[in-house]
Structure formats: C-alpha cells, structure tokens
Amino acid sequence: MAIAGVVIVTQPDKTMHVLEKLNEMENVTTYGVHNDVQIIAVFEANSSKSLEEMSMEIQENIEGIMALYPAYVTTEDELEKLA
Amino acid sequence: MSISRREFLKVSAAATAASTIGVSLLPGMQKELFADGLNWHKSVCRFCGVGCGIMIGEKNGKVVAVKGDVKNTINKGHLCVKGFYLHKVVYAKTRLLHPMIKKNGKFERVSWDEALDYVAKKFNQIRKQHGPDALAFYGSGQAETEETYIANKLFKGAIGTNNMEGNPRLCMASAVGGYLTSFGKDEPAGTYADIEKAELFLLVGSNTAEAHPILFERIMRHKAKNPDVKIIIIDPRKTPTDQVADLHLFPKPGWDLAILHAMARILIKEGYADENFIKQSVNFKDNKKNLTYEEYKQFLEQFTPEKAAQISGVEPDKIVKAARMFGKAKTAMSMWTMGLNQRTRGVWANNLVTNLHLITGKIGVPGSDSFSLTGQPNACGGVREGGGLCHLLPAHRSVKNPKHRAEVAKVWGVPVSNIQPKPGKHTVAMFEALNKGEIKGIYIMCTNPAQSLPNASKYWKGLKEQFVVVAESFFPTATTDYADVVLPAAFWSEKEGVYGCTERRSQYMEQVIKPQGEARWDAFILRDLAIKMGFKKYFEKYKTAEDIWSEYISLTKGTDMDLSGAPYSRLKKLRGITWPVPSVDHPGTYKRYTKGDPIFDALPAAKKKGRRMYFYGKPDGKAVVWARPPKGPEEPTDAEYPLALSTGRVLEHWHTMTMTGTVPELVRAVPKAYVEINPQDAKKMGIEDKEQVIVETRRGKLKIEARVIDRPEPGTIFIPWHWKQWMANILTIDAFDPGSKEPEYKVCAAKIKKA
C-alpha cells in the first residue's frame, strides 16, 4: 500500500479542467483548489509501482498540469517487510 | 492494512500537502495526526544543492516515510520526486554492509580492524618510501562538513600532503573562481529569499525544472502570483524549464560569452546602467590590466548584437530584447549551474553574468542577485567552506597564506610545517598522477570518479594500478571495481552532521536509525585510520560529531563566513542559518556586502562613505567588471565531428545513480540513457526515433538509443550522464578551465552514425 499527498500546480485557465479529470480517477481524492492554481490530492495505490504509474499517467494525460509536487509519501508496509 | 489506518494516512497526506501551500485543511489536527506511531526527525535532502528540509518518519528503528519539512524556509514542505523516494534508498539491496579487501582479484569480507590495519600499513609504506605527496584523498560535496573536516586534517595536517580534492571541483569550481575574481570572496551575496522579490529571472545554462525542481517551483509560484515577472533563458537546449520562459536564447554550446557582452553594451548605451553605483562600487579590468569605464565601453563596442549573433548563433533581436528586459526590470536575479561552470572558460562566463548586475546596480538589494546554484547538498558547506580542495584550508583560507596555515595548524594541534604552502594536485591532475604512478595510494570517499570524471576511461589505468581505498554506502560502483579495499559508510539518516547549501545556509541533520550492517560514520572511519597510522595525539579527542563541528566553527570566527554563532545546540532548533553568523544571538545574514551584513556594519564609517555596498574582499571595496575575450569551447565542431555534444541530468536520477538506481520507481521512470537528436539532424542522417546509434568523439564511442526530439538545437546532441552501462563520460573532454581547473563537460565535438 502506498499513499502520496501532492500539490498539483496547474495552468491558470486549466485548473477546473484538471480538477474534473482528477475527480474522475479511481484512487485519487482531491481536497480542493487553493491559491487559484494549486490542487491538493491524495493518490492511493496497492504498491509504490502502481503509485508511480498513476503519477505518470496523470502528468502525461491531463492537459494543464504544470508540475506535481509530492509533500508526503508512505510505503510503510513495503518497508516493514525489509531488513 | 486496516481501513482506519489507511484513512488516517490519507488524511495525513492531504493535510501535509495542504500545509505546504499555507492551507489548513484540518485546523488544529496536524499534531495529533502525526502523533500516531511515527517519530518524525528533522533532516535535509541527500540529493542536490538546494537544501530542502525533509522530515524522516521512523517506526521501530526503521525509516518508513518522508515528508517535506513545512517549517523549512527553502522548500516549505515540498519535495521533488527524488526526495520523495529517499527513504527507500536506505534499504537498498546494494548497501555495502561490511569491510572487504580484494584478495586474488576477489573481495573478501574482513573485520574493521583488519581493513584499517591494512590501509594504515599500506599508506605508511607509501609515505615512507615515496613521501606524503604519493598519497591523495578524493572526497565529495555529499559528505558532511564534519567528514570533510577530518579528512582535511588527516591529509593536509597529519600526513602532510595537499593532494586533497573533491568532486565539487567538477561542478562549481568555476563559480568559486567567478565570485573570487568579481567580488573578492566566494559564494553569493544574496539568498533564496530574493526569489519572491525578483521581477526578472535570467537562467543561464540551468535546467532548473529538472536539476533544482524546488527552486523552479518557487519561481513558478512567484510568477503565477505576479504575471509581470519575466523569465529569460540562455541555454543551447530546450528543457522543461521552458514552460515558464518569456524568452529563450539558444546559443551554440560554449559560445555564449559574446551574448553577455552584447547585453552589457546595450544596457549601458540605452541608459539602464546605474552610473552612481558604478562610480562608487565598481572597477574595470581585462585579463592584463585595469581599465577605465570608458575603456570598458570601448571594449564592448565590438559586441554589437549582430556580431554577438554571428559568434553565438542567437538572433540579434533576441539579444536586444533580453538586454532591455533585464534593464527595465527593477530587480533581477540570475541563476546558473553547470552550463556555465563546466567550461574551459567557466570563470569568465561567471564573471560576465555578474557584470550585468554590477553595471545596473541590480545587486545587494532585495530581489537582485548574481546567484550560482550548486549541484550537491554540501558542496558549499563541506568542500568550499570546509576547505576540501587542494589549495584551500577551512573557512575560505588558502594553503599559500602563511598566516592561514599557522591559524589552522594551531587549532588542529599539528606542527605548522606539516601543512605544505604549495597547492596539491587538482582533480584532473590528481588522476593523471595516478596514471603516471606519481600518486601511489588514494582514499576515495562518497563519490564515484571512475564514472564521473571526464574522459573517464583514460583514468581507469591509474585506478587499476595504484592502491585504492573506497569508503562508500553502496556496492558495487564503477569505482569499487578498481578498489583494493572497500569500507562501508553510514548513509543519510544513519549519522548526524551538517550540510551547507547554495544560499550559505548550514543545517543540522539528526541521526535517526543505526547504520545498516557494519557501516560506520565516515568521520570516525578516518579518525580511526589516522590513529592506526600513528596520529593518535591529533585525533583521539574527537568523540562525537559535535566535537568536530565545534572545532570547525572556532576556525570560522572572524572570517567572512563566520559560523561561530551556529553551534549544534542552536542548529538543532533551527531550520539552518545563513552565515555570517558571528554570535549565538545573531539572526544570520540575508545580504552580504551591505547593511545588515555584520562585516559591512562593522566597517568604519569613513571607509563606507555612504556607499550602498562595500565588497570587503577587494582592497578598495569595489567589485570588478571584467572585459573577458569571447572565447569558445576547447573542442569546437568541425567537418569530422560536426555535432556539439552536451551532457546533463534528468529529473528522476542523480549523478552516477548509486542512489536513484536503487529505487525501482525511478529506474522504471527513466530506465536507460539516450541521445537526444534534433529532428532536422536525424532526418539528414536517416536516423529514426528509438534506433540504436553510435555516438563518437575523439575519446570514445558509445552505442545508445536515439531520441529524436526538438529539445537540442540542430547541430547539437545531448546525453544524460547517469548510467554506468551507457557511460557518457567516456565521450566527454577533460580539458579544463585554467583558473578553476573545472573540466568542460558541457561541450565537445561528436559525430553519430547508425549502429
């Protein structure tokens, strides 16, 4: 299980479009638009690999995303299996 | 994982992301959210030189999560994708867990005592038979200041050789040379705080979006809030940074000096110069003599936009536009990295960017600075400030200066005669000397020169033939392939210490967990080696990291980089502090050479005479505007090698991938190297996208996948340099800047054919 909290920075005229697209996605929860161009979202996936694929898919397929900045990530159970 | 735990983590993740942009999703809840199960510890990112604050989440003695440090003024809680996965590197399968000695061509596990006894014996034999200069140390801008400090004392103060270098020679030595020749003192005048006050950014030779993503985010956020903020890029290659650019000038690689002179000419001619500032605070020089202002203007006359266009390949109207944008902006901040530094005229290129600020007075005021970005987390702190290069001693001191040698020897407790007055061998010369057998033993710490040196394969001979000790956290690397002894070093989160980043900020990092396996802290490995070599009386006093830091900052007292007001007890409470910080109640310095800088403030009033800035590294307090020749690269393109090859980074990887190569997510994101070719060139050569090609220079050949893309301009190609199996540095040139000794990684002549 992997969870990431991210800030997505959008082009000013594409913010609502990006928000709509994110809300259509499974395993993405948005927490509103802030400062006009910043969307807070949480990505959930079964593994860090899936999380990475989801992040790439979002950046590549949703028009209007300028950057995606992770602020928090946990892969707690994956790491607990290590060592 | 239970639903409740999952929900808890989701809310935690959202709340953390929100807090990074000053939004409180769940007022008052954050403290409670993070109180469950995880212990959070303050640290600093292990990758680039930005210095982002990271909070390490620890549970049951294991690092299980990271989050951006919201209290850190640099990144305000944000991380880039590399920092995002940093905690996974700690548990990489490639961690080196115990010492090993190569016996009959194979590494065998040995005890720490056996390994260090062996190294001490070999080093002492070499020293006795061939003298101290037959030994060398090669360190890293990723080592902590305390680690570099102990290495410096061992090699310069105890063994008695100045053959002490570090990989910052390869990335920011030209910036050092630029600052020293322009201002008289190293490191920037301003800090990151200028970003939110700047009206214009001039990004030169810097793919900020990929190499320094958090600074890019700050620039982007500032521009989003202030649409009038302008961004000019001077870079031969289109990069993701272009998404926010207002103007991009694409010079031929290595031919941009003429552009900067042409901009200076326009700034003066069109009345954008700050004549009062020039009169008060600026001198003019060329490579041989002092110039008058009028003589400098005469020098610039040759650099008409048309002439600069002819030299650089940039359209004249774009040069005029860039100059006018710079002139019209009330404040301007220039930033640059390897595109300027890794050049045979890197120092000159640095000077010419700074010229624009000195001519217009856009320096020493909020929002204006000539600001070099660094590539490693402690290149500034440990190596530049700690004196980890062959000509330096701690706190910006020089081995050539007898007073400096005496000051350092006194604190080190070694005879001053131990410290040689002549600089040792700089990086390229050091590895040449290994090849020739002049250096017979080398200790390499936390870096991978077999892959990162320019013209790398040339230097494998010396590594193969001489006695090589490698202290590393990871195994194998291209360099450990040549090692006789490998020593496992504690990694980030497994040790405490200080990193000093680009903006003169020193930050303390906690030890969070025990080192993996038998790994030990580099500073104590070196201390114990020193004791085994017979230097017990000089080294036995260092019992803790704080012992080392306290001694180091005592050496900074009264210098331009005074850190005496930054003991561990204070740094543990702060998110770093920017020097000079001469006392424990001093808040740190935002701007150097002007009001608020304690050194400026302490100058006699008569000396300042109402001047806004006093560059106290220069005898008369005046900075220098340099009239440098517009020299091009060492190896320009020609009929045989018609393409200019440049190398650089991608967002997902860092340096030689000893860290990012252990994170599957990052490896999958960019799994292999490639050569970017402009579609026009590809069409001419009949090369298709994803086709295998051979890139060849005068030094080597590399089979690699073609990426046909309009990022490089026609006539140029680009290879990211991270991969061992596609080692770009077998192609790069080892010619170096005669001043800074930094090699010209950024441009050499190449050709391509189908594989």
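1. Let's start with chain A, which has 3 helices and 4 strands. Here helices (H or I, at least four residues) and strands (E, at least two) are DSSP runs, numbered from the N terminus. Following the sequence, the pattern of chain A is β-α-β-β-α-β-α.

2. A word on what you are looking at: this is a predicted model, in which local features need pLDDT of at least 70 and side-chain atom pairs count only at pLDDT 80 or more, while totals for chains, interfaces and linings use all residues. Residues are numbered from 1 along each chain as its sequence is written, and chains are lettered from A and ligands numbered from 1 in the order in which they are written.

3. Of the 83 residues in chain A, 45% are buried (20 or more other C-beta atoms lie within 10 Å of the residue's own, with C-beta atoms placed from the backbone). Contacts (C-beta atoms, placed from the backbone, within 7 Å) tell us about the fold too: among those in chain A between residues at least 6 apart in sequence, 61% join residues at least 24 apart.

4. Now see how the chains meet: 35 residues of chain A are in contact with 34 residues of chain B. On the chain B side, α1(B) gives the largest share, 10 residues. By class, that side has 20 nonpolar, 7 polar and 7 charged residues. Ala, Val, Leu, Ile, Met, Phe, Trp, Tyr, Cys and Pro count as nonpolar, Asp, Glu, Lys and Arg as charged, and the others, Gly among them, as polar.

5. Strands pair across the two chains as well: β4 (residues 65-74) of chain A and β3(B) are antiparallel partners over 3 bridges. Pairing requires that DSSP finds at least two bridges between two strands. Tyr72(A) has Lys67(B) as its bridge partner in β3(B).

6. Within chain B, look for an open sheet of 3 strands in the order β20-β21-β22, with antiparallel pairing. Its edge strands, each pairing on one side only, are β20 (497-500) and β22 (577-578) of chain B. Between β21 (residues 505-509) of chain B and β22(B) there are 2 bridges, and Arg505(B) has Thr578(B) as its bridge partner in β22(B).

7. Finally, helices α10 (residues 257-269) and α13 (residues 305-312) of chain B pack at about 170°, with their axes 8 Å apart. Axes are lines fitted to C-alpha atoms, for helices over the stretch in contact, and angles run from 0 to 180 degrees between N-to-C directions. The two helices, α10(B) and α13(B), are therefore roughly antiparallel (an angle over 145 degrees). Residues making the contact include Ala258(B) of α10(B) and Ile311(B) of α13(B).

Key. A residue is buried if 20 or more other C-beta atoms lie within 10 Å of its own, exposed if 12 or fewer, and partly exposed in between; C-beta atoms are placed from the backbone. Two residues are in contact if their C-beta atoms, placed from the backbone, lie within 7 Å. Angles under 35 degrees count as roughly parallel, over 145 as roughly antiparallel, 65 to 115 as roughly perpendicular and the rest as oblique.
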